[in-house]
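Please examine the structure below, moving from the chain as a whole to single residues.

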Amino acid sequence: MSKITADDVRKVAKLARLDLPEAKIATYTGQLERILDYVAHLETVDTEGVPATTRAVEVVNVCREDMVTPTEVREELLNEAPQREGDFIRVPKIVAS
């Protein structure tokens, strides 16, 4: 892999619209070089037969079946509303027509 130069870091910073202080360019040059060396090292890992994935830990969405169940406190909840209109809660209009 080619050596990263201070000019490379300045160019990347400019493309990313980052205002890097000149005193930090040498630090970031070394860090970027180490990052790219690590990526090159990862490219040597044999991944033959390993299925592609989007995350390290599989996420499963646990859903329950939607069921309508009557509640005994419906009237009590509706009565707690600042404004009630029949079986509904009246709210202020927020979208102008």
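Among the contacts that join residues at least 6 apart in sequence, 31% link residues at least 24 apart. The model in which these contacts are counted is a predicted one. Its secondary structure amounts to 3 helices and 2 strands, and from the N terminus on these elements follow the order α-α-α-β-β.

The overall dimensions come next. The C-alpha trace spans about 75 × 45 × 25 Å along its principal axes. The radius of gyration of the chain is 30 Å, whereas a compact globule of 97 residues would have a value near 13 Å. Of the 97 residues, 8% count as buried. The chain exposes about 9500 Å², and 57% of this area is supplied by carbon and sulfur atoms.

Which residues does Thr-29 contact, once its neighbours within four places in sequence are left aside? The residue lies in helix α2, and its contacts are Ile-4, Thr-5, Ala-6 and Val-9. Thr-29 has a relative accessibility of 11%, and it therefore counts as buried, the limit for this class being under 20%.

Helix α2 comprises residues 25–42, and Tyr-38 also belongs to it. Together with Leu-42 and Val-45, Tyr-38 forms a nonpolar patch on the surface. The accessible area of these three residues together is about 300 Å².

Because its relative accessibility is 23%, Leu-20 counts as partly exposed. Leaving aside neighbours within four places in sequence, Leu-20 is in contact with Val-9, Ala-13, Ile-25 and Tyr-28. Leu-20 and Arg-10 are 10 residues apart in sequence, and their C-alpha atoms are 7.8 Å apart in space.

The other residue is Arg-17, found in the loop between α1, which covers residues 6–15, and α2. Is Arg-17 buried or exposed? Its relative accessible area is 77%, so Arg-17 is exposed, since the class begins over 50%. The backbone of Arg-17 also deserves attention: its phi is near 60°, a positive value in a residue other than glycine. Most residues other than glycine have a negative phi.

Technical notes. Residues are numbered from 1 along each chain as its sequence is written. This is a predicted model: local features need pLDDT of at least 70, side-chain atom pairs count only at pLDDT 80 or more; totals for chains, interfaces and linings use all residues. Side-chain values use heavy atoms; hydrogens and water are left out. Patches are made of residues with over 30% relative accessible area and no salt bridge: like charges are joined within 9 Å, nonpolar side chains (Val, Leu, Ile, Met, Phe, Trp, Tyr) within 5 Å. Accessible areas come from the Shrake-Rupley method with a 1.4 Å probe; for residues, only the protein chains shown count as cover. A salt bridge is a side-chain nitrogen of Lys or Arg within 4 Å of a carboxyl oxygen of Asp or Glu. Helices (H or I, at least four residues) and strands (E, at least two) are DSSP runs, numbered from the N terminus. Buried means under 20% relative accessible area, exposed over 50%, partly exposed in between (1.4 Å probe, protein chains only). Contact means heavy atoms within 4.5 Å. The radius of gyration is taken over C-alpha atoms; the globule rule is 2.2 Å times the number of residues to the power 0.38.
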